[in-house]
Amino acid sequence: MFKLFSSVTMQPSVLVASRSISTCGGPLLFRSSVPMFAEPLKKKKRLDPQILKAREDRKRKKIEKSIRKLEKVSKTLKPIDEVQLMASLSNELDSRQRPIVVHSNDKLEERIVAAKAWSMYKHDEHFFNLQVINDLEYSQQRALNELREVSEDLYLAAVDIDESLLTCQLTGPVETPPIENYQSPDGEYIDISKKWD
């Protein structure tokens, strides 16, 4: 009687499936393998080294040319219409420039002294205004406290907002009436910006 064994052999880089046929306890190691359907390798043609070098030189020159082209493009800036100067103004540029005035040291010192005096004056004025506002607030609060001690009703009448001080009255429609035959914009627009490729 024939026994049929199947086993899988695991090697570091090869997975081999084998089937063994045996008449007794151990396998006889008759193995069937998958046929290799491949045609024989073609012999490589040997090329002249000068032709290979010429090919590599052509590739290198093509790449260098494309790099030079990209470098030229990167140096050119996109023109901005708002920054460009009108031709009429560029012609009048010499007549529009002011002469450089050189001041003497005495004049410069006089200007520095005037600037310092002005800053001191504005500082004192600001400090005086703050003092006046503080004095007014203090006297107003003191008067309200004394009035509260005298009469609570008078205090509430004094603190109450007087609406007659604001005499402005505005009357008009609450909502804007609709405009007849008005076509509301749907958000579309025409892009007129220039394309720079």
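Asparagine 181 sits in the segment after α5, where helices (H or I, at least four residues) and strands (E, at least two) are DSSP runs numbered from the N terminus. Asparagine 181 has a positive phi of about 55 degrees, although it is not a glycine. Most residues other than glycine have a negative phi.

A word on the model: it is predicted, local features need pLDDT of at least 70, side-chain atom pairs count only at pLDDT 80 or more, and totals for chains, interfaces and linings use all residues. Residues are numbered from 1 along each chain as its sequence is written, and side-chain values use heavy atoms, with hydrogens and water left out.

Lysine 195 also lies in the segment after α5 (152-159). Lysine 195 and lysine 78 are 117 residues apart in sequence, and their C-alpha atoms are 9.7 Å apart in space.

| Residue | Relative accessible area | Class |
|---|---|---|
| Asparagine 181 | 78% | exposed |
| Lysine 195 | 64% | exposed |
| Phenylalanine 128 | 55% | exposed |

Phenylalanine 128 belongs to helix α4 (residues 105-150). Together with Val132 and Leu136, Phe128 makes a nonpolar surface patch of about 300 Å². Such patches are made of residues with over 30% relative accessible area and no salt bridge, with nonpolar side chains (Val, Leu, Ile, Met, Phe, Trp, Tyr) joined within 5 Å and like charges within 9 Å. A salt bridge here is a side-chain nitrogen of Lys or Arg within 4 Å of a carboxyl oxygen of Asp or Glu.

Helix α4 also packs against α5, at an angle of about 145 degrees and with the axes 6 Å apart. Leu144, Leu147 and Arg148 of α4 meet Glu152, Leu154, Tyr155, Ala158 and Val159 of α5 in this contact. These residues divide into six nonpolar, no polar and two charged. Axes are lines fitted to C-alpha atoms, for helices over the stretch in contact, and angles run from 0 to 180 degrees between N-to-C directions; contact means heavy atoms within 4.5 Å.

Now for the whole chain. The protein has five helices and two strands, in the order β-β-α-α-α-α-α along the sequence. Of its 197 residues, 3% count as buried. Among contacts between residues at least 6 apart in sequence, 6% join residues at least 24 apart. The protein exposes about 21200 Å², with carbon and sulfur atoms supplying 59% of it; accessible areas come from the Shrake-Rupley method with a 1.4 Å probe.

Key. Buried < 20%, exposed > 50% of the residue type's maximum accessible area, 1.4 Å probe, protein only. Nonpolar A, V, L, I, M, F, W, Y, C, P; charged D, E, K, R; others polar.
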